[in-house]
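The sequence and structure are shown first, and the points follow by topic.

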Amino acid sequence: MPEDVRARQWTGTSVGLLLTLVLAAVLVTVLPDGREKDGGDCIPQTVGSWSEDDRLTAEFARYGDDAGRADDWTGGDGTHSVRLPDGRLLWLFSDTYLGQVYGPPNPLGESYAWRDTTAPLVRNSAVLMRDGRLETTLPAPLFPDPAPNQWRWPVAARVEPRSPGSDEQVVRVLLWVRTAGQSPWIYGVPTATEVATLSLPDLRVESITKVLDEQRVQDPSRRVLFGTTLVEDGEWTYVFGGDDGQAASRSASSAYVARVPEGGLAEPGAWEYWDGESWTTGARPRPVLGDGRLKGVGSAFSVVRQDGPADGTYVLFTMAAGTKGLAAVTSYWACSPTGPWHGPAKDFTAPLPQGQVAAYNPQVHPELGDSGRLVLSYDVNWLEAAGASAQLNRNVSLYRPRFVTLRLAPAR
């Protein structure tokens with residue numbers, strides 16, 4: 001297996017393990033010049049309670065351990081999901097193991113299901129779920145490499161009109177393009193944000209459009225990739241992104257936000273970026289959260305918009321800054337996607353399997369929640385890059401998403 005792939009496996013799409021969980025609440029006031037400010041009357045939110053979602057975690061374990069096929073998903077990270085119009089759930093993953101899984105004991109005599117060291121690893125995959133049961137893996141990789149030594153990681157997705165006002169729906173998938181690099185860029189140098197258009201209902205990749213090329217930004221740690229999470233609010237889709245500040249030895253990365261009118265995700269000219277004062281199509285985006293030290297996010301975090309008693313509240317999840325970020329999820333809140341953001345609030349520790357492992361990439365799946373209940377996934381990987389591949393093959397249960405259920409409460 002190539003060295004860049006081996007080195008990459010423990011980081012997944014988290015772009016580092018020290019992330020920051022963010023809770024946000026938004027009531028937007030639009031000023032005459034188009035700026036958005038803190039409405040001041042949203043309800044601050046934080047995690048009130050949480051519990052393990054054993055059913056979802058077990059379903060991915062069941063599907064990954066199924067030895068009936070040799071070309072389907074057996075483990076992956078970068079977990080995202082989107083509900084399709086026919087009720088199916090499309091799960092998107094970044095680095096993914098395919099191949100055969102064998103029942104315990106493994107070759108070392110341990111009671112773990114395992115895979116051979118020759119099992120293929122692809123840069124992205126997609127799995128379909130119906131009525132809570134995973135059914136099939138689409139041909140992988142779903143999104144081909146754009147060029148030699150480059151690859152695509154899928155992130156957030158949504159169903160939207162093919163074009164503004166159209167009755168035909170398609171799936172838009174945000175993609176991160178990365179280029180192989182040397183340390184500290186063992187997970188690849190951030191290169192561009194793209195949008196793929198998939199047809200419905202057959203999920204054929206029709207086109208891939210580049211919406212933001214970051215290659216002209218000389219400092220890779222300042223390059224911004226968008227699409228870690230999408231939030232639909234009225235006629236706008238808010239697209240959040242992050243830089244790679246953590247790779248440059250900053251304790252936390254910064255968060256950014258863009259907005260796109262419904263039906264326009266695949267149109268580069270429709271994207272507007274928050275420049276610190278207004279939405280613009282021409283200027284560089286400016287951070288909405290992050291001081292480079294104890295406050296901020298990783299490039300993989302998640303935002304939702306609250307309904308009900310906390311109507312208008314945006315909620316964003318990521319791991320805590322510092323060493324706690326290997327397992328602890330923390331939170332911020334705000335009354336606008338552009339801030340100001342408040343926090344971090346109290347954190348909770350995600351359950352982890354035994355071994356030198358870490359949690360990363362917390363993602364909320366709104367289509368699975370109800371009545372104030374949020375379902376959040378997080379990825380798990382071996383902590384040390386050296387020998388990670390051997391550990392993940394030795395115990396296939398490690399490199400799979402885990403799930404928890406959250407309930408939010410007013411922040412005190």
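An open sheet of four strands runs in the order β11-β12-β13-β14 with antiparallel pairing; strands here are DSSP runs of E of at least two residues, numbered from the N terminus, and two strands pair if DSSP finds at least two bridges between them. The model is predicted, so local features need pLDDT of at least 70 and side-chain atom pairs count only at pLDDT 80 or more, while totals for chains, interfaces and linings use all residues. Residues are numbered from 1 along each chain as its sequence is written, and side-chain values use heavy atoms, with hydrogens and water left out.

- Strands β12 (residues 169-179) and β13 (residues 189-198) run antiparallel and are joined by nine bridges.
- Within β13, Ala 192 stands opposite Val 177.

**Five-stranded sheet**

- A further open sheet has five strands in the order β15-β16-β17-β18-β19, with antiparallel pairing.
- Its edge strands, β15 and β19 (279-280), each pair on one side only.
- Two bridges join the antiparallel strands β18 and β19, and Tyr 273 has Thr 280 in β19 as its bridge partner.

- Four bridges connect strand β9 (residues 125-130) with strand β10 (residues 133-137) in the antiparallel sense.
- Met 129 has Leu 134 of β10 as its bridge partner.
- The two strands form a hairpin with two residues between them, and Asp 131 in the turn has a positive phi of about 55°.

**Aromatic pairs**

- There are 18 aromatic pairs, counted when ring centres of Phe, Tyr and Trp (its six-membered ring) lie within 6.5 Å; planes under 30 degrees apart count as stacked, over 60 as edge-to-face and the rest as tilted.
- Trp 185 and Tyr 187 form an edge-to-face pair, because their ring centres are 6.4 Å apart and their planes are at 80°.
- Trp 185 is buried at 12% relative accessible area, and Tyr 187 is buried at 5%; buried means under 20%, exposed over 50% and partly exposed in between, with a 1.4 Å probe and protein chains only.
- Phe 226 and Trp 271 are also edge-to-face, because their ring centres are 6.3 Å apart and their planes are at 75°.
- Phe 226 lies in strand β15 (residues 225-233) and Trp 271 in the loop between β17 (255-261) and β18 (272-274), so this pair ties together parts that are 45 residues apart in sequence.
- Phe 226 and Trp 271 are both buried.
- Phe 60, Trp 73, Trp 91, Phe 93 and Phe 403 are linked into a cluster by ring pairs.

**Charges over rings**

- The charged end of Arg 123 sits over the ring of Trp 151, 3.7 Å from its centre; the criterion is NZ of Lys or CZ of Arg within 6 Å of the ring centre and within 35 degrees of the ring normal.
- Arg 259 places its charged end over the ring of Trp 236, 3.9 Å from the ring centre.

**Asn 361**

- Asn 361 lies in strand β24 (residues 357-364) and is buried, with a relative accessible area of 0%.
- Its side chain makes a polar contact of 3.1 Å with that of Gln 363 and one of 2.7 Å with that of Asp 379.
- A polar contact is a pair of N or O atoms within 3.5 Å; within protein, one must be able to donate a hydrogen and the other to accept it, and residues adjacent in sequence count only if both atoms are side-chain atoms.
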